[in-house]
Amino acid sequence: MRLRELAHARTGDKGDISSISVIAYDPGDFAFLAEHVTAERVAAHFAGTVHGKVERYELPGLGALNFVMHAALGGGVTRSLALDAHGKSLSSSLLEMELPDPQARAGSASGDASGRR
Amino acid sequence: MKTVRIGSGAGYSGDRIEPALELAERGDISYLGFECLAERTIALAQQARLADPEAGYDPLLEARMETVLAACIQRGIRIITNMGAANPHSAATAVARIARRLSLNGIKIAAVSGDDVLARITASPHKLMERPDDTTASLDGRIVSANAYLGIGPIVQALAADADVVITGRVADPALFMAPLVHEFGWHMDDWPALGRATVVGHLLECAGQITGGYFADPGYKDVADLARLGFPLAEVGEDGSAVITKVAGSGGTVCLQSCKEQLLYEVHDPARYFQPDVVADFSAVRLEPDGVDRVRVSGGSGAPRTGTLKVSIGYRDSFVGEGQISYAGAGALARGKLALEIVRERLRLTGVRTNELRCDLIGVDALHRGPVGDAPHRGPGPAAEPAEIRIRVIGRTDSLAEAVRIGNEVETLYTNGPAGGGGAFKSAREVIGVVSTLIPEAAVTPTVSYQVA
């Protein structure tokens, strides 16, 4: 199952730092996302793009994770050679991340495989 | 409980014009903010001002004011904007000119200045936030602008002086929306929780359509109706700093929990410490609740004492960039695209074009995202599908404009010297103004407000 089925996301940029929020459609999926969408996995997902550390902040009240990725924008939005200098498209790319199958989601409050609504 | 209604008329310099008029005419608002000043924009504006002392403010200032000024003045709506960019005083003069032309004589226009700290920054080395081991000395002679992010102080002062329009240069983006709240509710400048909640409201409004369904739609997952008529947001803010985010009834878009959550975290790093000139805002306990159709209630923001330092954006002449693109289609398009990239790399070597950084993209394959997932134009296991068409892009950083021009030329000459069927070539070359940041003590900056009557 792809992350896209459980969460939506938005990218922001400041200098050479890209931040991506990953927000559960169903807040009941937050614990599952927190377990599987780790800073390490996000760093590996963007290995070809992000060259610095990846930090994660948790917002259980919003059902959201906030990833802060350093050295992610080719030296900064204003001087990046990338087609998408702001990294706006990275959020959709992150939603491609593969997660364990729904059957394996022990401990998740929602049994709904689609989980989107 | 007293409520103040504030609208957001633009989320960036080039944003749509008419949603602001819709807010003015039908939003029942008292304030209309326009956030139009991106990081680099002020450096470009500074260069424009050097060429012409009357220039250096936002190129769409006149168009926006001609559209909304009469509607706002008739209803007593006060306008606050950072469209002054590098020249708030000339921007105020331009607004006064428009006001007289529209027979709005007598309105009061405030210009906030003091954000320009170029003299201070160039006088001594300052540590760079992006490169802690480096200082502004490494940018010797190349600095073109330095602007401190001012807080709400001078805007509140202008509102207290009954300004109808307040025009600033560089201020913190949320300050455009926080200032009217502090003015209306009389919050003290050391009421950190109140200033934190005001920051939440300002942050949610500052990108305009990004909270009403723009930068959001994903068909089948997040459907948004009528994006061509996207309504811009307004906040109904109460004395306790809680607010409802909504938009004009009948406008396009959506205000929902999902859009509000995305915008709350947009460009935020540590949600518990969102640094502003006036407060360190805390978004970590913000609550968002549905409050009817296209209405979301926001509460629970907080704040801690400000740091006493101001962030300064420094624009500097960084480098030159040259770029070329060309497309291939049909069977073997990917192979021809890859061959084209090889040829251009070889040509740049043969002809001695020195690049400090060179990037070769296959648009449609790896231009946006490079990595374990992004390398292949397919989903899941199995061989990569051959793309029906491919566009190559070569872009390089050089020390001179002449060398930058040659990069695009080497792509364009693929027309007659490269792989079969290359079409739609494009080339460009430009100077890059980079932006770095530093911190200075707030006491080093003296904001000033001047007034003109139309």
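This is a predicted model: local features need pLDDT of at least 70, side-chain atom pairs count only at pLDDT 80 or more; totals for chains, interfaces and linings use all residues.
1. The hairpin of chain A. Strand 1 (residues 7-14) of chain A pairs with strand 2 (residues 17-24) of chain A in the antiparallel sense, and eight bridges join them. Two residues lie between the strands, and A:Gly15 takes a positive phi near 60 degrees.

2. Burial of strand 1 of chain A. Of the eight residues in this strand, seven are buried, so strand 1 of chain A is largely enclosed by the rest of the structure.

3. The sheet of chain B. An open sheet of 10 strands is found in chain B, with the order 11-12-8-7-1-2-3-6-4-18 and mixed pairing. Strand 11 and strand 18 (448-453) of chain B are at the edges; each has a single partner strand, so one side of each is left without a neighbour in the sheet. From one strand to the next, the twist averages 20 degrees.

4. Strand 3 (residues 78-81) of chain B and strand 6 (residues 165-168) of chain B run parallel and are joined by three bridges. Within this pair, B:Thr81 has B:Ile167 in strand 6 as its bridge partner.

5. Helices packed on the sheet. Helix 3 (residues 61-75) of chain B touches strand 1 (3-10), strand 2 (31-34) and strand 3 of chain B, and its direction makes about 170 degrees with that of strand 2 of chain B. Helix 4 (residues 88-101) of chain B also packs on the sheet, where it touches strand 4 (108-113), strand 6 and strand 18 of chain B; the direction of helix 4 makes about 165 degrees with that of strand 4 of chain B.

6. Helix 6 against helix 7 in chain B. Two packed helices are described by the angle between their axes and the distance between the axes. For helix 6 (residues 153-160) of chain B and helix 7 of chain B, the axes come within 9 Å and cross at roughly 50 degrees. The two are therefore oblique, and their crossing is right-handed. B:Ile155, B:Val156, B:Leu159 and B:Ala160 in helix 6 meet residues of helix 7 that include B:Ala179, B:Pro180 and B:His183.

7. Helix 7 against helix 8 in chain B. Helix 7 (residues 175-185) of chain B also packs with helix 8 (residues 192-205) of chain B, at an angle of about 140 degrees and with the axes 8 Å apart. These helices are therefore oblique to each other, and the crossing is right-handed. On the side of helix 7, the contact residues include B:Leu176, B:Phe177 and B:Leu181; among those of helix 8 are B:Ala198, B:Val201 and B:Leu205. Nine residues of this contact are nonpolar, two are polar and none is charged.

8. The contact between the chains. Chain B contributes 43 residues to the contact and chain A contributes 35. The elements of chain B that give two or more residues to the side touching chain A include helix 9 (257-265), strand 14 (309-329) and strand 16 (389-398). Strand 17 of chain B gives the most, with five residues. By residue type, the side of chain B that touches chain A divides into 18 nonpolar, nine polar and 16 charged.

How values were computed:
Residues are numbered from 1 along each chain as its sequence is written. Chains are lettered from A and ligands numbered from 1 in the order in which they are written. Axes are lines fitted to C-alpha atoms, for helices over the stretch in contact, and angles run from 0 to 180 degrees between N-to-C directions. Helices (H or I, at least four residues) and strands (E, at least two) are DSSP runs, numbered from the N terminus. Angles under 35 degrees count as roughly parallel, over 145 as roughly antiparallel, 65 to 115 as roughly perpendicular and the rest as oblique. A crossing is left-handed if the near helix is turned anticlockwise from the far one by less than a right angle, and right-handed if clockwise. Two residues are in contact if their C-beta atoms, placed from the backbone, lie within 7 Å. Ala, Val, Leu, Ile, Met, Phe, Trp, Tyr, Cys and Pro count as nonpolar, Asp, Glu, Lys and Arg as charged, and the others, Gly among them, as polar. A residue is buried if 20 or more other C-beta atoms lie within 10 Å of its own, exposed if 12 or fewer, and partly exposed in between; C-beta atoms are placed from the backbone. Two strands pair if DSSP finds at least two bridges between them.
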